[in-house]
Amino acid sequence: MTRRTGIVAGIGVLVMAAGAGLSVLAPPAGASAAPPAVTWSDCVAYSDEALEAMGIPPEELPRIRALLARTDCGTVQVPLDYHRPTGTKITIAISRLRATDQRHKLGSMAVNPGGPGGSGYLMPHELALTSPQFEALAANYDLIGFDPRGVGYSTRAACARPGDDVTPPEIPAGPLTAETAKKIYDFQVAENQTCWQSDPTFLGQLTTANVARDLEQVRKALGQSKLSYFGVSWGTLLGQVYRSLYPQSVGRMWLDSVVGPTANRLDSRFHDVTAADEAKIPRWAAWAAQRDATYHLGDTTKDVIALVKKLKAKLDAAPIVFSDFDQPIDGNLAAFLAVAPSPVWAESSPALAALATAKTGDPVPDALRPILIGDGPQEPTEPPADLPEQFNDVAGRAILCNDDTSPHDFPTFWKTYRSWQREFPIAAGLAPFSQMCAGWPIPATEPFQLRRSNGSLQLSGHRWESPTPFPWIAQVQAKIGGTVFTVEDDIHGSVARVPECTEHLEAYFLTGRPDSGGCDGVPPAAVSALSVAPESVPGTAWAPSGNHWSWPKH
């Protein structure tokens, strides 16, 4: 999956959405440990090169440096295993962007961008830099960033990779066969087992529940009676678990792009995400049909969808190879374009029209060139030495697999994958084509049950998005309560990036009054209004044919 780095792209770093069977255990009992405390130290003095590599425009460097100047940096020692609270300790790194109006401070607000595996250490600064409403909230709240266990400045996860004799299989263009799928599965087993064996003691303690317990230790170390919280994507699952474990510790909580309450079954998760991708195609098709004079894809929604299905079947049967692009193109590129996020419909639609008439031996059509080729080959550059880790794949995989209760055997995976091909004729090819936890040596470490509690809870869902499908928000509300705020867009985690929406968030954190209204969010085909990161639509930045596709940056 293609990923943007940088704190400007920090919200919704990588999507953890979910499927079925989640429970929360009470905090583990055991011998008492010493009360947690923050060890404060000097913050990193980031170079201009590091800040720009994080996505900060040069003209914004004075503002980010002003925010960093009022930041405290520290660490909290927490138990590796909460069942052994006096045993081995690990480090959780935190940042505190101090409220400018300490006299009228409303408390501390922790923030998390998602993942799992995403760094939240500089998320307070990203929010204050890019959102006037969050900048205003930073007058009344200390904003607390933190790197979850396994990530960034916290005790970091790493693992060995298989030896040179174990290589990723070639993935031919066209529909995935059982033979190729088994090769992918076997490679996944080798990779996961090698990774696990490199540090089983640490990797086995990377769970959503333990990250929530770490957050409670941070609250105590900061001396806060309650902790408010803003989370996006997997950060909403973390919020739900934290609230279930420590209901008396939560102040005000807003969860955006809400993960469903059954997030430990990855098979169910990917089913729901693929279903949401398929379900949003008619919305785009209706838009394209209204512009048939421009795109020539059909003048009715039905005709546009029929064209996509026919094109996908044609390219799956006979992939094409462009003269200046050496990877074959199969039907998944048609699907990729059909499920594109609405702000890039004005680019995906002419690209689909060009694909419909393309032939082997042609050069890449102009409309497809930004997607397939982008800016062309880029010379690799050494990242700045002080560039912080933005995402830790090892921690992300360990948390997902330690939480996952879905079957990991190949026959079950292949049967499930094949059923998706029948159920979702366009989008199924974009679904994950391997059991990502295949070979992970332990079953779900800690099943948990989410619990309803009193207190303020605001949930926001995006009606047309697929990473965390809109139906999940009703499931969460039924499970733990809260008030639903509806965003009429398809952009994952956009509440903090659209002023019309963030105004509601600001009012909630200032007053504590829930908001059952909504906002329009990001409008369709308005690319200049908001750059859309390809990870906003899981599965569409990577296709099973082996192509890496992404939308051009604006």
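Biologist: What makes cysteine 43 and cysteine 73 a disulfide?

Modeller: Their sulfur atoms sit 2.0 Å apart, and a disulfide is a pair of cysteine sulfur atoms within 2.5 Å, so the pair qualifies. Mind you, this is a predicted model, where local features need pLDDT of at least 70, side-chain atom pairs count only at pLDDT 80 or more, and totals for chains, interfaces and linings use all residues. Residues are numbered from 1 along each chain as its sequence is written, and side-chain values use heavy atoms, leaving out hydrogens and water.

Biologist: Why is cysteine 73 called buried, and what does cysteine 43 count as?

Modeller: Buried means under 20% relative accessible area, exposed over 50%, and partly exposed in between (1.4 Å probe, protein chains only). Cysteine 73 has 5%, so buried it is. Cysteine 43, at 28%, falls in between and is therefore partly exposed.

Biologist: How do you know that the disulfide of cysteine 159 and cysteine 195 is left-handed?

Modeller: The torsion about its S-S bond is about -100°, and that makes it left-handed. The sulfur atoms there are 2.3 Å apart. Both ends are buried: cysteine 159 at 17% and cysteine 195 at 4%.

Biologist: Why is helix α9 called roughly perpendicular to helix α13?

Modeller: Helices here are DSSP runs (H or I, at least four residues; strands are E, at least two), numbered from the N terminus. Axes are lines fitted to C-alpha atoms, for helices over the stretch in contact, with angles from 0 to 180 degrees between N-to-C directions. These two axes come within 11 Å and cross at roughly 80°. Under 35 degrees is roughly parallel, over 145 roughly antiparallel, 65 to 115 roughly perpendicular and the rest oblique, so α9 is roughly perpendicular to α13.
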